[in-house]
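Colleague: I want to learn how to read a model like this one. Can we go feature by feature?

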Amino acid sequence: MNVRGLYVKFLGHKLLLGLLAGISVAILAGYLLNRRRRKYRAIAHPPENKTPTVVVVDTSDRRYRPYSRRRRQWDSSDDLEHSVVDEELQSESDIEYHEPLELSEYHEPLELSEANSNADELFSTLPEGDFLLGSGYESDNSSMSFHSTVESHFAATIERSPSDPLALYVQGMDMVNRGLVKCRTDRTAMLACSSEYDFLAKVFAVRLAFDELVKSEANRNNFKQAGRDVMVSFLRSANQDPGLFCERYDDIFNHLQDKDNWSQAEVELAGRRVVCMNVYDIALDFVLMDAFTDLANPPSTIVAALQNRWLTERMKEAALYTALWSVLRAKRGMLQNKNGFLGKFYYLSETMTPLLAWGFLGTNAALKSKCEHFKGVIMEFLHTIFSLDSVHYSTTQELAKDILFHSRHVTKRLSV
């Protein structure tokens with residue numbers, strides 16, 4: 001009788017724990033779904049931006065000295081297109097990418113006064129719409145492409161003096177004062193910028209630099225391979241099989257090989273307030289920095305479940321994985337085109353998001369250390385390319401070379 005009583009009591013405890021775990025998962029999934037629904041409703045009625053004020057940059061300020069000991073030195077043999085392409089990448093299959101839209105080819109340098117005097121004439125030739133002074137949240141395909149287009153055009157018409165070490169930054173500030181630089185999220189504090197105008201001026205310059213880089217097929221292949229190598233290395237260090245990730249990662253790039261899919265991808269990303277089809281806006285801002293922000297501020301229900309002393313570590317991990325998978329599949333199910341870019345992106349996220357979330361929020365010390373290292377290296381790279389003291393903001397080509405140099409360094413550090 002004593003043995004039977006103990007056995008019944010043991011089963012009772014197991015059932016109680018199972019019930020608590022099931023309730024926790026249901027609460028987590030419900031809370032996350034409701035949170036996402038509120039977020040999507042808010043997107044339909046975005047806030048209006050305030051009228052921008054004019055900011056004058058004093059390039060004599062010590063904070064804007066362009067050269068420092070931390071900068072790398074380039075010699076005359078540096079080649080923008082092939083400086084960081086390793087020999088093993090030469091065998092990578094050719095990939096075609098949609099080139100950024102431009103209103104015209106780059107012009108010869110003009111005097112700044114001449115460029116300003118022709119601004120009204122230029123505006124009269126551009127499409128009409130509220131996006132010139134609006135919030136930049138338009139979901140219309142043509143208006144979303146406009147921001148990238150007009151930035152490239154004005155950059156070509158404003159003076160580019162090789163002797164001015166901050167020429168590209170000053171161009172960016174001029175564009176900000178005109179109200180023509182839009183961004184889905186203000187990352188001023190996250191990227192250690194001095195002000196919102198400083199941040200937007202640097203975004204303008206970084207976008208042009210990435211557009212310059214992806215003109216080269218060798219650089220496009222390099223970025224693709226670098227992303228794959230970094231994530232495969234991370235998964236293997238966490239004792240995870242990277243096979244499923246590689247399959248879905250390649251599926252996204254195969255989808256983007258077809259130029260016909262780019263217009264649909266623009267529409268889908270516009271619904272997520274991405275205003276420019278650029279490496280910074282999609283890969284760095286929408287994917288990485290959004291993920292770091294969400295993981296730094298998890299829902300209170302998830303925190304409560306992970307701190308529940310009645311649940312074992314394995315049960316907490318299973319509950320977190322189940323909740324995140326449910327949210328990602330629900331978001332994918334809400335898409336009109338489930339086989340489009342975002343559908344494939346959510347499908348890929350299922351292989352990485354739960355692992356990263358458990359690494360940052362869970363109790364596995366080794367995995368947490370790897371996740372913190374991954375985040376630290378990425379944030380260091382972002383701080384570097386957004387620093388006037390670490391990269392050259394003189395011309396698009398110089399900034400592109402610096403970004404390429406530092407991106408190679410990041411790949412080496414994360415692929416060990």
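Predicted model: local features only at pLDDT ≥ 70, side-chain atom pairs only at ≥ 80, totals over all residues.

Colleague: How many helices and strands does the chain have?

Modeller: Helices (H or I, at least four residues) and strands (E, at least two) are DSSP runs, numbered from the N terminus. Here the chain has 15 helices and 0 strands.

Colleague: What percentage of the residues is buried?

Modeller: Buried means under 20% relative accessible area, exposed over 50%, and partly exposed in between (1.4 Å probe, protein chains only). Of the 416 residues in the chain, 47% are buried.

Colleague: Which residues have the most contacts inside the largest nonpolar core?

Modeller: A nonpolar core is a set of buried Ala, Val, Leu, Ile, Met, Phe, Trp, Tyr and Cys residues joined through side-chain atoms within 4.5 Å. The largest one has 85 residues, and those with the most contacts inside it are Leu191, Phe199, Phe245, Tyr280, Phe386, Tyr393 and Ile403. Helix 6 gives the most to this core, with 12 residues.

Colleague: What is tyrosine 280 in contact with?

Modeller: Contact means heavy atoms within 4.5 Å. Beyond its neighbours within four places in sequence, tyrosine 280 is in contact with residues including Leu191, Phe199, Asp285 and Phe386.

Colleague: Which residues of helix 8 are buried?

Modeller: They are Phe245, Cys246, Arg248, Tyr249, Ile252, Phe253, His255 and Leu256. The cover over the buried residues of helix 8 includes helix 7 (217–237), helix 9 (260–270) and helix 13 (341–361).

Colleague: Is threonine 188 buried or exposed?

Modeller: Threonine 188 is buried, at a relative accessible area of 13%. Its place is in the loop between helix 5 (167–177) and helix 6 (196–213). Leaving aside neighbours within four places in sequence, threonine 188 is in contact with Cys193, Ser195, Glu196 and Phe199.

Colleague: Now the charges. How many salt bridges does the structure hold?

Modeller: Side chains of opposite charge can pair when their charged atoms come close. A salt bridge is a side-chain nitrogen of Lys or Arg within 4 Å of a carboxyl oxygen of Asp or Glu. The structure holds 14 salt bridges.

Colleague: Which parts does the pair of aspartate 290 and arginine 187 tie together?

Modeller: Their side chains meet in a salt bridge (2.6 Å, N to O). Aspartate 290 lies in helix 10 and arginine 187 in the loop between helix 5 and helix 6, so the pair ties together parts that are 103 residues apart in sequence. Both aspartate 290 and arginine 187 are buried.

Colleague: How many residues apart are lysine 202 and aspartate 198?

Modeller: An α-helix has 3.6 residues a turn, so residues three or four places apart point the same way. Lysine 202 and aspartate 198 are 4 residues apart in helix 6, so about one helical turn separates them. Their side chains meet in a salt bridge (3.2 Å, N to O). Lysine 202 is buried at 5% relative accessibility, and aspartate 198 is buried at 2%.

Terms used:
Residues numbered from 1 in each chain as written. Heavy atoms only, no water.
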